[in-house]
Structure formats: structure tokens, C-alpha cells
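Colleague: I'm new to reading protein models. Could you walk me through one, feature by feature?

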Amino acid sequence: MAALELRGITKRFPGVLANDGISLTVPAGQVHALIGENGAGKSTLMSILYGLLRPDAGHILLDGAERTFASSQDAIRAGLGMVFQSFKLFEEHTVVENVVFGAEPRRGWLLDRRRARREVAGISRTFGFDLPLDALVRDLPVGVRQRVEIVKALYRRAEVLILDEPTAVLTPQEAEALFAVLRSLAASGRSVIFITHKLEEVMAVADRVTVLRDGRVVATHDVARTSPRKISAEMTGREVTFAERRAPRAPGRVVLEVSGLRAAAGDGTRLDGVSFQVRAGEIAGIAGVAGNGQDVLAAALAGHAAVTGGTVTLLGHDVTRAGNAARRAAGLGHIPEDRNRDGTAAQGDAIVNLAIGYHREPPLLRSGRLRSRELRAHAERLIGRFGVRIASPGTAVGTLSGGNAQKLVVARELGRPTDFLLAEQPTRGVDIGSIEAIHAELDAYRARGGAVLLISSELSEIRNLCDRVLVMFEGRLTADLRTDDVTDTGLGLLMTGLSADDHQGAPS
Ligand SMILES: Nc1ncnc2c1ncn2[C@@H]1O[C@H](COP(=O)(O)OP(=O)(O)OP(=O)(O)O)[C@@H](O)[C@H]1O
Ligand SMILES: [Mg+2]
């Protein structure tokens, strides 16, 4: 019997039909993937299932019985669990405290600490999680926090688990580990709904896959009986072709010069004397296992970290002590890693969000006044060029789907004249067709003579785009290679602190 059945779910927002009669069944013991372009309606459907949104029409059935959820509390009581992408954990509390929070075992009025610990340890052991029960959440890497979220749902006896793009924030190794977890959840008789933009992840972990387009179900397949090519054609309504990296050109003048840079972040990660240059017409990529100083480097380049030594120059201007606004004025563009925290103002509309950071420059500003017609025209141009799915330029960006919010940030930063672009995870959460479009834009920026530093956890992205790859390990740059001179295996070794010499066949 189907553990979960959705029948004819429909949800309309002003100007968009986000879900248009969606029906879906997920049997117990299966991993069901949900895939579709940015704005296809995946997160909306999951919010309805989890009681966060009310559908305009349609029914939810669990084990054959119809349910209505007025809140996520109702959904949790009925056996649903959701693992959010931005985790809802308390940083200053332990793993056990976070898991039992709001559902604590009690002895009389008191929290039964021993029982809480025993139960959390039990779940953790059953699924091979090996969670550090007494560690503070703030000290845990992202992959472990995600496991805390999963255990939290299991502790509340979730039978159906929803994971909305769980791998977007994970390293490839963490993603592999998550897949093992999803398989064992299914093996325990639970149902898992897994949203991703990565076809190879669908093929690796799911039993069945449903493809959404424009709020409708296009197809549902047994994964064993379909192919990535077929799914991507169904998602987009066309064949997606991936362009080859354009031929390298002779790089021009030095745009960014970093010399002996030292800085520290709040979480203890450091930059320990980093030196490199990026030239005009060049894309340099930073590869590294997360947590090796990439975040501090980005913060130091953007003007958000306290630099304790060394220098940063942009086109010959020393900007080491300059704030973010001064660096932007000196030619910096920046796609930040976290679009919600640093990249967008949720209440603001697209017109405002596409102008933030350079509304002090012509042609948006003239004679001290913002020019509203220019602002709107500018927004319309960028929305069209980057294919942002939005009802109108006056729509609040907080209502955009994840991938469309990301495209908006990329559009803003590539839509203004800059000399240097710091691009952190520029395609995070973006669908495959749009990744290709963003890559083409980055390549065109390079062809115009821009210099790019790309920080990406996707080796394939670094390989497709970058002329050079710089490897970070424990706060230092341990290699600076031409992309064509290194294999993926060689890069992988360098990222774990071994030298490429340790690997036969990789250049030194
Ligand atoms: N609260 C809201 N108000 C208005 N429109 C909304 C709201 N939430 C979602 N939408 C719109 O509904 C559509 C579907 O969005 P949804 O977030 O479900 O897409 P998605 O498939 O999850 O996309 P992504 O892959 O980018 O995460 C989009 O056009 C989005 O702008
Ligand atoms: Mg989404």
C-alpha cells in the first residue's frame, strides 16, 4: 500500500500557478526523487505536504486515510518529517538537547536527561550516524548538522521524510554518506522524498522519480528504467547540451593581487599566509574540502573579515583595510555563498534587489536621485537575460524559488561593470539548464577581460570553467596548477593534503 498519496494538489500564488493538479504516490520503503527546473513547484508541494501551506485543492492521504494539516505540528503528529536546507538548530545547545527539544522525555516535571541521551544514542546507532551527542551544534560541520536534523525527525517517529535539496550544502563525501542514510531509512520501511537538481544523484539513490514542469507532473519513472538524458529532456522540454570550455586566451594585467594574507574567522578557521594573483581574462578556481579556509579567504576579499597580515590589491589599489562598499567602488563584484543571508533583501522587490550595492552609480542615480524608470528597465533586462522566473519586477524576492533567487544574485553581480568577480558557489540550487547559462555568462565576462576567482565545491564546475586551479588545505594554498594539467584524482589527493606526487600519473 502507498504510505503517502497526493491527489490533485493545486496551489496558486498571485500571478503563478505553482502546483497544478499534482498527484504522486510514495510506497513505504522507497526513496522517491522529485526533480524539475527552478520554479517548477517542488518546494511548494513539500510545504503543502508538511502543513506549512494550505492547498487550494487536492488531498493528502497517509496509509490510505485522508489527512488535513493546519500546521507542521499536525504533519509531524501524523508521521511526517522535514529536513530543511537552512537548519533550524540551536547553535549553543548540544546534539541531544536539539534532538529532543519540544518533545523532551520527562520524569514528573523534570527533563529526563538520561532517557533523552539513551534514546538519541539508540537512533544514532541504528542508522550508523555516530553522532557526538554532547557536542555543541555550533562546532559541527554541515553534514553532521544535517544528521542531527534527520535524527530529530526520527525521534518524533517520522515515517515519511522530506529532504529539499539536502546535497546542495554538502561536500561530495558528505553527499555519499547521506545516500547511505537514505537507503537505510528506506530499508527500515520509511518513505523518503528527496529533491535534487543532480541527475546522477537521482540515479544513485532513488527507486522512483517524478519530473515536474510548470507545476505539473510530466512523468514518473522507475529509476532503473529511465536515463538522465530522458529525465533532463522531460524537465526542460528540450535537450540540454553542455558547451566545452572555451580556449584559454593570453591573460592580461594583474587585477587581484593577494600577498601573505592572514585572517581568522569566528569559527577558528584561518588564512595562514596566502599569496596569488588573478589576471584579466582569467578564471581561477579554488578547490578544497570545505572548512580549509575558503570562507575566510572570501570574507577577506569581500572586506568582511579582520585581516591580521598581508595585503590585498585590486588593480593596484591597496584595499586590505577597505570595507565592502569601497571595494565595490574599486571594481569588485561578489556572488556570496549564502544568498539568503548576504545576497538578497527578502522583503524588497526585484527592482531593489537588482540595484542594491550600486544604486549610487549612474545610470541608476542621476543628480542625486534614483531614477525609477531606469531601475525598472534595468531589472527587466536582467530578469530576461538570466531567465529569472518572477511574476513581475515589483514582486518581493522572498517569494522566489531557491534557484530563481540565486539567479537574481548572479544577474545583479554580472549585470554591472566590474573588473574582478568573487564567485562563491555561483550555481548552488540552480537547475541544469540555468547552470549552463550562468557558465556561459562567466565565460563571457572572462572574454570581456574580467578576472574571476571561483570558489566551488563542484569539481566539475572548476574543471569546466577555470584556467587555473588553486588548492586550499588547512589555511594555505598548496597548489597552483593549470586545470588541464591535473586529473580529478590528482586534485582529490591535493585536497586531502597529499601532494600530487603521491599519485602516479598526476603532474607535480
Ligand atoms: N509565498 C509565495 N508567494 C508567491 N509566490 C510563490 C511563493 N512561494 C513560491 N512561489 C512561486 O511558486 C513557484 C514555484 O516555486 P517553488 O519554490 O515551489 O519552486 P521549486 O521547484 O522548489 O524551485 P527551485 O528548484 O528553484 O527550488 C515559483 O514561481 C515561485 O516564485
Ligand atoms: Mg525549491
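This is a predicted model: local features need pLDDT of at least 70, side-chain atom pairs count only at pLDDT 80 or more; totals for chains, interfaces and linings use all residues.

Colleague: Let's start with the ligand. Which residues come nearest to ligand 1?

Modeller: For this one, look at the shell of residues around the molecule. There are 19 residues around ligand 1, and Gly39, Lys42, Thr44, Ser401 and Gly403 come nearest. By class, the shell has five nonpolar, 11 polar and three charged residues.

Colleague: Which helices and strands supply at least two residues each of that shell?

Modeller: Strand β2 (16-27) does, and so do the helices α1 (42-49) and α14 (402-414). You can read it by domain too: domain 1 (2-236) and domain 3 (342-417) each give at least three residues to the shell.

Colleague: And what do the backbone atoms do around ligand 1? I'd like to see Ala40, Gly402 and Gly403.

Modeller: Here you check the spacing between polar atoms. A polar backbone atom of Gly403 sits 2.7 Å from an oxygen atom of ligand 1. For Ala40, the spacing between a polar backbone atom and a ligand oxygen is 3.3 Å. With Gly402, a backbone N or O atom is 3.5 Å from an oxygen of the ligand. As for cover, ligand 1 on its own exposes 640 Å², and the protein buries 85% of that.

Colleague: Next, rings. How many aromatic pairs does the structure hold?

Modeller: The general idea is that you describe a pair of aromatic rings by the distance of the centres and the angle of the planes. This structure has four such pairs. Take Phe90 with Phe101: their centres are 4.9 Å apart, with 65 degrees between the planes, which makes the pair edge-to-face.

Colleague: Where do Phe90 and Phe101 lie along the chain?

Modeller: Phe90 is in the loop between β6 (80-83) and α3 (95-100), while Phe101 is in the loop between α3 and β7 (106-107), so the pair ties together parts that are 11 residues apart in sequence. Phe90 is partly exposed, at 38% relative accessibility. Phe101 is partly exposed as well, at 44%.

Colleague: Now the backbone. What should I look for in phi angles?

Modeller: Most residues other than glycine have a negative phi. Leu315 has one, near 50 degrees, and Gln425 has one of about 40 degrees.

Colleague: Are Leu315 and Gln425 buried or partly exposed?

Modeller: Leu315, in the loop between β16 (307-314) and β17 (317-318), is partly exposed at 24% relative accessibility. Gln425 sits in the loop between β21 (420-424) and α15 (432-447). Its relative accessible area is 10%, and Gln425 counts as buried because the cut-off for that is under 20%.

Colleague: How many residues of helix α9 are buried?

Modeller: Seven of the nine residues in α9 (294-302) are buried, which leaves the helix mostly covered. Among them are Val296, Leu297, Ala300 and Leu301. In an α-helix, residues three or four places apart point the same way, because there are 3.6 residues a turn.

Technical notes: Residues are numbered from 1 along each chain as its sequence is written. Chains are lettered from A and ligands numbered from 1 in the order in which they are written. Side-chain values use heavy atoms; hydrogens and water are left out. A residue is near a molecule or strand if one of its heavy atoms lies within 4 Å of it. A polar contact is a pair of N or O atoms within 3.5 Å; within protein, one must be able to donate a hydrogen and the other to accept it, and residues adjacent in sequence count only if both atoms are side-chain atoms. Accessible areas come from the Shrake-Rupley method with a 1.4 Å probe; for residues, only the protein chains shown count as cover. Helices (H or I, at least four residues) and strands (E, at least two) are DSSP runs, numbered from the N terminus. Ala, Val, Leu, Ile, Met, Phe, Trp, Tyr, Cys and Pro count as nonpolar, Asp, Glu, Lys and Arg as charged, and the others, Gly among them, as polar. Domain bounds come from an automatic or database domain assignment. Rings of Phe, Tyr and Trp (its six-membered ring) pair if their centres lie within 6.5 Å; planes under 30 degrees apart count as stacked, over 60 as edge-to-face and the rest as tilted. Buried means under 20% relative accessible area, exposed over 50%, partly exposed in between (1.4 Å probe, protein chains only).
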